[in-house]
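Please look through the structure shown below and work through the questions that follow it, one topic at a time.

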Amino acid sequence: MKIASWNVNSLKVRLPHLEEWLKTAAPDVVALQETKTEDAKFPLEALTAAGYGCVYTGQKTYNGVALLARTAFCDVVSDAIVLDDPARRYLAATVDGVRIVNLYVVNGQDVGTEKYAHKLRWMQAVRDMLADELTRHPQLVVLGDFNVAPEDRDVHDPKRWHEKILCSTPERQALRAMLDLPLHDSFRLLEQGPGHHSWWDYRLMAFPRNWGLRIDLVLVSEGLRTRVRAVGIDRDTRAWDRPSDHAPVWVDIA
DNA sequence: ATGGTGGTGCGACCA
């Protein structure tokens with residue numbers, strides 16, 4: 001069962017990219033973030049034609065998450081955590097007995113801002129949601145754009161990013177609180193080295209310079225940990241014409 | 001310390 005996550009940064013613009021990638025990557029389940037698409041305008045026909053059922057919770061201009069799967073969804077929950085936040089960032093469903101939680105974590109803008117404080121509160125609330133999910137679903141996958149690089153080895157230049165947004169200690173502690181549930185960063189079960197990134201800023205020619213961060217994660221519960229047989233980051237998509245600033249990340253579960 | 005690019009939508013925002 002191949003489960004993937006991709007922040008597409010506008011599903012309208014990236015639909016051709018998504019269709020092409022679905023053909024070659026052939027995932028069974030896909031979590032999308034930043035669809036920036038109202039539900040009424042979701043490209044259901046194209047994705048149905050590609051062989052996927054869809055559930056989604058979107059909004060105009062900002063945010064928006066969706067799940068695609070080859071088989072049926074059940075127990076779909078969206079935006080159950082609100083925090084006075086109308087943003088569409090949370091979507092959970094069960095597929096083939098595996099609970100999937102798709103997250104688009106608050107970006108936080110800069111350390112010390114109100115948005116940063118909101119990010120930390122949001123992550124704490126999600127941690128509590130995940131704790132609740134785990135009590136009911138021992139086979140749990142939590143994936144998406146976490147907007148946090150877990151460790152310095154996930155950052156192209158840790159000195160440059162020291163205590164900056166996406167890398168600050170409080171953000172990493174908020175992520176650690178999720179990992180302590182426990183959940184496991186699937187990528188690090190199989191790959192230990194630095195230089196693996198999932199996001200490269202559009203600015204400063206970051207991708208050609210490989211100035212990236214690994215902020216898109218697939219976390220798996222203890223019940224799935226030993227069943228992880230492969231992980232990957234499809235970085236080639238970042239070199240495509242008019243790309244998303246994120247690459248798809250995935251895990252293959254036996 | 002700042003700016004750079006890209007998406008949305010047509011003016012600023014968000015990332």
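Q: Which residues come nearest to DNA strand B?
A: The structure is a predicted model, in which local features need pLDDT of at least 70 and side-chain atom pairs count only at pLDDT 80 or more, while totals for chains, interfaces and linings use all residues. Residues are numbered from 1 along each chain as its sequence is written, chains are lettered from A and ligands numbered from 1 in the order in which they are written, and side-chain values use heavy atoms, with hydrogens and water left out. A residue is near a strand if one of its heavy atoms lies within 4 Å of it. There are 16 residues around DNA strand B, and those that come nearest are Ser 10, Arg 14, Lys 60, Lys 115 and Arg 203.

Q: What share of the atoms of DNA strand B that come within 4 Å of the protein belongs to sugar and phosphate?
A: The count takes in those atoms of DNA strand B that come within 4 Å of the protein. Of these atoms, sugar and phosphate make up 65%.

Q: Why does the pair of Trp 6 and Trp 21 tie together parts that are apart in sequence, and how many residues apart are they?
A: Rings of Phe, Tyr and Trp (its six-membered ring) pair if their centres lie within 6.5 Å, with planes under 30 degrees apart counted as stacked, over 60 as edge-to-face and the rest as tilted. The structure holds 4 aromatic pairs, and one of them is the edge-to-face pair of Trp 6 and Trp 21, at 5.3 Å centre to centre with 65 degrees between the planes. Helices (H or I, at least four residues) and strands (E, at least two) are DSSP runs, numbered from the N terminus. Because Trp 6 lies in strand β1 (residues 2-7) and Trp 21 in helix α1 (residues 11-25), the pair links parts whose separation in sequence is 15 residues.

Q: Is Trp 200 buried or exposed?
A: Buried means under 20% relative accessible area, exposed over 50%, and partly exposed in between (1.4 Å probe, protein chains only). Trp 200 belongs to strand β10 (residues 199-200), and its side chain makes a polar contact of 3.0 Å with that of Asn 210. Since its relative accessibility is 0%, Trp 200 is buried.

Q: Which residue's backbone nitrogen does the side chain of Ser 198 reach?
A: Ser 198 is placed in the loop between α6 (186-190) and β10, and with 0% relative accessibility Ser 198 counts as buried. At 3.1 Å, its side chain reaches the backbone nitrogen of Ile 215.

Methods. Polar contact = N/O pair within 3.5 Å; in protein donor to acceptor, adjacent residues only side chain to side chain.
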